[in-house]
Amino acid sequence: MIEDVPPRQVWEALMSNPAAALCDCRTNAEWNFVGLPDLSQTGKQPVLIQWQVFPAMQPNPKFLEALAAAHLGPDGHIYFICRSGARSMAAAQAAKAAGYKHVYNVRDGFEGPPDARGHRGLVGGWKADGLPWRQG
């Protein structure tokens, strides 16, 4: 089972644990147009690996290869984030199945669930929690 970790707790782990990494598994379009977590205060950068490839949204057949190429070893603590937490949960499950021991899902992702008007970024997730981010 993959633990669903609140964004603030992920931030604290990134700040305090040198073995902690954030893998943003959204699409390149989302990184460019919606924004990215800004980890500069942690001395780290988010690892950007698409779980699904834009625009067709087909699964990325090289996801696990890219994870290894990013030097995220099986003993590191990897927090996966996407828009709302669904794709990142799938990515974390795939990493766990491939032998990564400490994988986590960022609860509500980068933008969180839609509010009553269908807008994201206001209810939950990285942005709504006031954590650092920047526009691509």
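View 1. Buried denotes under 20% relative accessible area, exposed over 50%, and partly exposed the range in between, computed with a 1.4 Å probe on protein chains only. The model is predicted: local features require pLDDT of at least 70 and side-chain atom pairs pLDDT 80 or more, whereas totals for chains, interfaces and linings use all residues. Residues are numbered from 1 along each chain as its sequence is written, and side-chain values use heavy atoms, with hydrogens and water left out. Helices (H or I, at least four residues) and strands (E, at least two) are DSSP runs numbered from the N terminus. Strand β2 (residues 20-24) runs parallel to β7, to which five bridges join it. Within this pairing, Ala 21 lies opposite Ile 78, and Asp 24 lies opposite Ile 81. β2 also pairs with β4 in the parallel sense, over two bridges; here Asp 24 has Leu 48 as its bridge partner. Two strands are taken to pair if DSSP finds at least two bridges between them.

**View 2. The open sheet and strand β8.** The strand order of this five-stranded open sheet is β1-β8-β7-β2-β4, with parallel pairing. β1 and β4 (47-48) are the edge strands, each pairing on one side only. Because four of its five residues are buried, β8 is largely enclosed by the rest of the structure. Three bridges connect β8 with β1 in the parallel sense, and Glu 3 is placed opposite Tyr 104 of β8. Four bridges connect β8 with β7, again in the parallel sense, and Phe 80 has Asn 105 of β8 as its bridge partner. From β7 the chain passes through α4 to β8 in a right-handed β-α-β crossover. Right-handed means that, with the strands pointing away from the viewer, the path from the first strand over the helix to the second runs clockwise.

View 3. Arg 87, Ser 88, Met 89, Ala 91, Ala 92 and Ala 95 are the buried residues of α4. Elements that cover these residues include β1 (3-5), α2 (28-33), β5 (52-53), α3 (63-69), β7 (77-81) and β8 (102-106). Just after α4, Gly 99 adopts a positive phi of about 105°.

View 4. His 77 lies in strand β7. Its side chain makes a polar contact of 3.1 Å with the side chain of Tyr 104. A polar contact is a pair of N or O atoms within 3.5 Å; within protein, one atom must be able to donate a hydrogen and the other to accept it, and residues adjacent in sequence count only if both atoms are side-chain atoms. Apart from neighbours within four places in sequence, His 77 contacts Asn 17, Ala 19, Ala 20, Ala 21, His 102 and Tyr 104, where contact means heavy atoms within 4.5 Å.

**View 5. The salt bridges.** Three salt bridges are present in the structure, each defined as a side-chain nitrogen of Lys or Arg within 4 Å of a carboxyl oxygen of Asp or Glu. The side chains of Glu 30 and Arg 87 form one of them, at 2.9 Å from N to O. This pair links distant parts of the chain, with Glu 30 in helix α2 and Arg 87 in helix α4, 57 residues apart. Both Glu 30 and Arg 87 are buried. Another salt bridge joins the side chains of Lys 101 and Asp 75 (2.7 Å, N to O). It too links distant parts of the chain: Lys 101 belongs to the loop between α4 and β8 and Asp 75 to the loop between α3 and β7, 26 residues apart. The side chains of Arg 26 and Asp 24 also meet in a salt bridge, at 2.7 Å from N to O, and both Arg 26 and Asp 24 are buried.

**View 6. Ser 40 in its loop.** Ser 40 is located in the loop between β3 (36-37) and β4. This residue counts as partly exposed because its relative accessibility is 48%. The side chains of Ser 40 and Asp 38 are joined by a polar contact of 2.8 Å. Ser 40 and Arg 26 are 14 residues apart along the chain, and their C-alpha atoms are separated by 20 Å.
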